[in-house]
Amino acid sequence: MVKTKHKRVVSKLVVFYFVLSVLFISPTALFAAFSVSVVPFEGGYDLRFGKISLAAGRINKELIVNITSDISKEYRLTQTLIEPLSSMSGKTLPGNNFLVYGLRGTNKFGTLNVEQEMPVGLGRQVIYTSNQSGNPDSFTLVYGLIPSQDIEPGSYRGRIGFTLEPINSSQAPVTVILNIIAEIGIESVIEVNTDTGTKTISLSSDKPENNVSRVMINIKGGLGSQFRILQSVDEQPSSNSGELLDYNVVNFVGLNAQKGAVVNQAQGLSAPGSPQVIYTSSSTGDADSFVIEYRLNPSQRQPAGLYRGRIKYILEGSGSIQPGIIDTLRLEVENTRIFELLITPEPGGLIRFNDVKLNQPPQTSELLVEIKTNTGRQYQINQHLYSNLANKDSDVIPSKNFTLRQESINTKGALKFTAPSEVKSGDTILFVSDRDGSPDKFKLIYELTATPEVKAGDYSTQITYSISEI
């Protein structure tokens, strides 16, 4: 009897042990894996941007995202800027200065919803959506911090929350939080660049669009107190032949300053040793930008040639501002060669008198002669008359009946025929310029007088004009 009783007790114990095992093992076996981790590529637990400055420019930091899931349901990952990047003084980093994008191709299964860069906003942003099977995945996010001149220097901290959310599942969402830390020190930088991106102010008289060149001056970061920017010509620009550029050939004026005052009236360059103030900042030396526009002055005469020089840009200020040269640009002024003879109205190679009759007043033909030149060399104007005036029947006008004279139009050179003179066949010198080869103009007046021996009709002859250096 005793033996039988013992067996029953053992059986009950075995059954009891089995029940306990089921109660303790089953919950563990049924627990689902659903989690996310975010780890900076460079290690650590915070996304640290380190020291940032305008000179260094944009800083990017990578974040490795790992998602574990065995719920076999679609899910998504969202981010929320819980605390925007802010300094100890309460200044907040502008939204467009903190950006994020997903590194294309780093995920295996789902869809990166931030392949196009976007600002990190305060609202909920979907970063990643899994495939329908909800496979585990990993990918890389790139966060960019962009310094700008309107950001107050200091230590900035913020927090981003990443939430892993199941779709069409009762699984609870999971959130992890990442700290962001940056030390922003906005150093003052003054940049000087031309509109062509080179270090040369290039001006040329060959085409109107080449008569102007612009220099952009960008003051990044405030200097803390008032300052001035000056320009100074190193030495008078000169050509290969030794000609010196007149300072008034190049004019300049300032444009588009926002905070300070820029020179706003066109003026010529100054001689070396006489710097010109082109900009004066606000009283607190705020960041600013402006343009200096250089333009050729068409009213100034200058011998043809390529003139080279240099312009320095100089910073002046007080207190902690260190004065000195900001930058130096080359100056190249090309005055293209001009040597032109203009006759108005254009005679077309002929001089003509129509319907010539006896007892009529003399007929005249007037021409305006203009010389455009910048060679700086003396020149002369020649006339070539191929034959005496004749009609279609070859009747010829006596040379005494065909005269020319010249009238001055503030003429600088020497006119050869200030009184009426016979027009002779062949070459005739009409005009000799002054020794400087100055541009000039004068009037030519031809006169035909009909006398009894002149038959009525139309008379003409070939005539050409030429210009040549002496």
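Tutor: In this predicted model, the lining of the largest pocket consists of 28 residues, and those nearest its centre are Pro298, Gln300, Arg301, Ile338 and Asn374. Strand S22 (324–335), strand S25 (363–373) and strand S31 (440–448) are the elements that give two or more residues to this lining, and S25 gives the most, with four residues. The volume of the largest pocket is about 680 Å³.

Student: How do the residues of the lining of the largest pocket divide into nonpolar, polar and charged?

Tutor: Eight are nonpolar, twelve are polar and eight are charged.

Student: Why is Ser213 called buried?

Tutor: A residue is buried when its relative accessible area is under 20%, and Ser213 has a relative accessible area of 3%, so Ser213 is buried. Ser213 lies in strand S14 (residues 212–220), and, leaving aside residues up to four places away in sequence, Ser213 touches Asp195, Ile201, Ser202, Leu203, Ile292, Glu293 and Tyr294.

Student: How do you know that strand S4 and strand S10 pair?

Tutor: Pairing needs at least two bridges between two strands, and ten bridges join S4 (residues 75–87) to S10 (residues 154–166), so these antiparallel strands pair. Within this arrangement, Gln79 stands opposite Phe162 in S10.

Student: What makes S10 and strand S11 a pair?

Tutor: The cut-off is again at least two bridges, and S10 and S11 (residues 174–184) have eleven bridges in the antiparallel sense, so they pair as well. Here Gly158 stands opposite Ile180 in S11.

Definitions and conventions. Residues numbered from 1 in each chain as written. Predicted model: local features only at pLDDT ≥ 70, side-chain atom pairs only at ≥ 80, totals over all residues. Heavy atoms only, no water. Buried < 20%, exposed > 50% of the residue type's maximum accessible area, 1.4 Å probe, protein only. Contact = heavy atoms within 4.5 Å. 1 Å grid on protein atoms, 1.4 Å probe; cavity = no way out; pocket = protein on both sides within 12 Å on 5 of 7 lines; lining within 4 Å. Points joined across faces, edges and corners; volume = space filled by probe spheres on them. Nonpolar A, V, L, I, M, F, W, Y, C, P; charged D, E, K, R; others polar.
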